[in-house]
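Thanks for passing this one along. Here are a few notes to read beside the coordinates.

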Amino acid sequence: MSPLQIQAFDAPLGAEVIGLDLARPLADQAFVRIHRAHLDHHVLVFRDQRITPAQQIAFSRRFGPLQIHVLHQFQLAGFEEVLVVSNIKDEHGRPIGLGDAGVYWHSDLSYKAHPSLGSMLHAQELPETGGDTLFANMHMAWDTLPAPLRAATAGLKAEHTYLAKYAELQKRSPWRPDLSDEQKAQVRPVVHPVVRTHPETGRKALFVSEHFTTRLVGVPEDESAALLRELFAHSVRPEHLYRHAWQPHDMVFWDNRSLMHLAAGCPDDQRRKLYRTTIEGDVPY
Ligand SMILES: [Fe+2]
């Protein structure tokens with residue numbers, strides 16, 4: 001393979017990593033470059049990676065401990081660290097994976113006390129049309145936030161909960177089973193700062209999302225809802241976005257501390273399947 005190269009996209013975030021085969025052990029020197037590139041570009045795309053779930057897990061673990069998703073029914077058999085993201089149903093009509101993952105803008109696991117550092121998705125089956133993933137640069141969203149909004153959000157905290165949109169998703173999809181009491185206990189609401197500091201780069205980022213953020217703590221309900229709406233709208237302005245069009249065997253690794261993302265969806269009759277691993281991050285501050 002050619003030497004390792006990092007090629008930035010002509011976009012507000014993202015880069016392609018060229019010349020790295022993730023099926024082979026990653027040398028420490030290469031790891032340092034990948035780590036740096038991830039901090040600089042927030043999304044890394046590794047094309048045409050023929051890797052096994054075990055290899056995806058091993059690569060993910062280089063960045064930290066892995067998180068196990070609350071929907072255990074969609075773990076890949078034999079690999080509890082892998083969440084199957086898919087709209088495919090088995091021969092009994094049962095979904096094989098989470099089919100409506102990420103249909104709202106969000107940062108993965110922001111509803112946990114330790115939200116995710118980053119996530120990796122490896123493409124297994126892709127639809128002919130659609131299925132793109134959009135990413136929003138939340139450092140940029142903070143840097144460009146109009147002064148009155150900056151002043152209004154200074155020092156605020158927000159509540160995040162997995163259950164915010166759960167009932168709504170349940171109504172329109174077969175992928176959202178009723179949660180057991182044990183599952184509910186794993187996803188109790190948490191509170192995080194509205195503006196967080198990236199623990200490795202020191203850069204500030206907006207950290208609220210349409211999917212999981214329900215309210216601003218200590219702010220009257222209507223004011224809180226109005227302010228959150230403005231923050232959401234500003235975050236996803238077109239100039240903050242990169243849209244990833246998947247190619248076969250793509251591996252995509254993003255930084256949840258710097259970004260939000262959204263699954264654009266694909267036609268129901270087309271099969272889509274990806275494997276996700278999620279790396280645990282710090283408590284936001
Ligand atoms: Fe996600």
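The points below go through the sheet, the cores and the metal site.

1. A friendly reminder to begin with: this is a predicted model.

2. At the E1 end, E1 pairs with strand E2 (residues 15-18) in the antiparallel sense, over four bridges. Gln-7 has Glu-16 in E2 as its bridge partner.

3. Next, the packing. The largest nonpolar core has 28 residues, of which Val-43, Leu-71, Phe-135 and Tyr-162 touch the most other members. At least two residues of this core come from each of strand E3 (43-46), strand E5 (79-86), strand E6 (116-125) and strand E14 (251-255). Another core, of 26 residues, lies apart from it and includes Phe-31, Phe-46, Ile-51 and Leu-117.

4. Tyr-162 deserves a look of its own. Leaving aside residues up to four places away in sequence, Tyr-162 touches His-69, Val-70, Leu-71, Tyr-111, Arg-176, Leu-179, Val-187 and Phe-212.

5. Finally, which residues coordinate the iron ion? They are His-106 (NE2), Asp-108 (OD) and His-261 (NE2), at 2.1 to 2.2 Å, and their spacing in sequence is H-x1-D-x152-H. His-106 has a relative accessible area of 5% and Asp-108 has 2% relative accessibility; buried means under 20%, so His-106 counts as buried, and so does Asp-108.

Conventions: Residues numbered from 1 in each chain as written. Predicted model: local features only at pLDDT ≥ 70, side-chain atom pairs only at ≥ 80, totals over all residues. Heavy atoms only, no water. Core = buried A, V, L, I, M, F, W, Y, C linked by side-chain atoms within 4.5 Å. Buried < 20%, exposed > 50% of the residue type's maximum accessible area, 1.4 Å probe, protein only. Contact = heavy atoms within 4.5 Å. Pairing = 2+ DSSP bridges. Donors = N, O, S within 2.8 Å, 3.2 Å for Na, K, Ca; no water.
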